[in-house]
Amino acid sequence: MSAPPLAGGAGTPQLVSVIAPCRNERAHIEAFCASAARQQLPPGWQMEVLIADGASDDGTRELLQRQCEQDARFRWLDNPGRIVSSGLNRCIAAAQGAVIARLDIHSEYAPDYLAQCIAVLQQTGADNVGGPWRAQGHTPMQRAVAAAFQSPWVAGGARSRDLGYEGEVDTVYLGCWPRATFAHFGCFDEQLVRNQDDEHNLRLRRAGGRVWQSPLIRSTYYPRARLGQVFRQYQQYGYWKPFVIARHGQAAALRHLVPAAFVLALMAGAGLALAWSPGPLAALLLAYSLLLALAIAGMRGVGPGVATRAVAVIAAYHLGYGWGSLRGWWDWWRHRAPQSRWGALTR
């Protein structure tokens, strides 16, 4: 199934609706609004920006209200559900555009970001398009997080981290959709605190839709800046993944299962070391050390300080995701509802 042509006729202004959920983003919301306001649209296109605030209590809402008063293109909506999926769905319900583009508060966007999204939709007829997930940092630790994030040894070959890839993918950063996509495939699953985008793309592709990535759609993501935040973030990603897999009877990609297998192997190795021999655990740790060395060797333009931090960051990625996945499978196997503590803010 391919997306239908975008609505609108010759001489009729067309509208792209930008949607963004947020909660307690006082330190970032003004920079985000400025980045969104700078978008240069194709001739004949206009923009509205819908921001769903999840009951912020740090002054974010007051800043949003001021932005909306200053720029009529901006509107804020209440998101009582407080999570990303419910915020996205409230924005989609209120959006009036022929095209709906999701933006993230913690990213900066090339001035032609939306223009390229619209062009790629028109050229490919895809049901969802986006650009590669490019990370960048300010502090040494944040640069280490960004370097690890971009490493193929950490991403498991995910196309979304390949900055030059053009073509079909299993999932894509953020997303931009013809309005008809949500009519055909539904909106985001509000039972999922994390991984709602992966689940939506998996549902879309299983029903015959196409997800397309283009390097011309450019943005820069600023990741967490502390190691503990990264560990908690990836614990949550891992925890929610089993609920997505169980719902559809398949993983979106094999890489989603590897961290849990690694943590299980570590646990088994530790048990064998206590009961029999430390050999299997030592072999596993040696193999993982080799992987870490390969990952660090492949990082370009990072100094020793960033590289040293990146070792801990990569371990936090793998161990956090793996442990979170095991906890998610445990709760799913016991028919236990997902636990709310696995959805707390990690910034």
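This briefing covers helix packing and salt bridges in the structure above.

The model is predicted: local features need pLDDT of at least 70, side-chain atom pairs count only at pLDDT 80 or more, and totals for chains, interfaces and linings use all residues. Residues are numbered from 1 along each chain as its sequence is written, and side-chain values use heavy atoms, with hydrogens and water left out. Helices (H or I, at least four residues) and strands (E, at least two) are DSSP runs, numbered from the N terminus.

**Helix α12**
- Helix α12 spans residues 304–333, 30 residues in total.
- From first C-alpha to last, α12 reaches 44 Å, close to the 44 Å expected at 1.5 Å a residue. The expected span is 1.5 Å times one less than the number of residues.
- H335 follows α12 and has a positive phi, near 55°.

**How packing is described**
- Two packed helices are described by the angle between their axes and the distance between the axes.
- Axes are lines fitted to C-alpha atoms, for helices over the stretch in contact; angles run from 0 to 180 degrees between N-to-C directions.
- Angles under 35 degrees count as roughly parallel, over 145 as roughly antiparallel, 65 to 115 as roughly perpendicular and the rest as oblique.
- A crossing is right-handed if the near helix is turned clockwise from the far one by less than a right angle, and left-handed if anticlockwise.
- Contact means heavy atoms within 4.5 Å.
- Ala, Val, Leu, Ile, Met, Phe, Trp, Tyr, Cys and Pro count as nonpolar, Asp, Glu, Lys and Arg as charged, and the others, Gly among them, as polar.

**α5 against α12**
- Helix α5 (residues 140–150) and α12 cross at roughly 60°, their axes coming within 8 Å.
- The pair is therefore oblique, and the crossing is right-handed.
- From α5, P140, M141, R143, A144, V145, A148 and F149 meet V306, R309, A310, V313, I314 and Y317 of α12.
- This contact holds 11 nonpolar, no polar and 2 charged residues.

**α11 against α12**
- Helix α11 (residues 279–297) crosses α12 at roughly 125°, with axes within 10 Å.
- That angle makes α11 oblique to α12.
- α11 also passes α12 in a right-handed crossing.
- Y288, L291, L292, A295 and I296 in α11 touch A307, A310, V311, I314, A315 and H318 in α12.
- The contact residues are 10 nonpolar, 1 polar and no charged.

**α1 against α2**
- Helices α1 (residues 29–37) and α2 (residues 60–70) pack at about 30°, axes 10 Å apart.
- They are therefore roughly parallel, in a right-handed crossing.
- I29, E30 and C33 of α1 contact T60, L63, L64, R66 and Q67 of α2.

**Salt bridges**
- The whole structure has 11 salt bridges (a side-chain nitrogen of Lys or Arg within 4 Å of a carboxyl oxygen of Asp or Glu).
- One of them joins D78 and R61 at 2.8 Å, N to O.
- D78 lies in strand β3 (residues 74–78) and R61 in helix α2, 17 residues apart.
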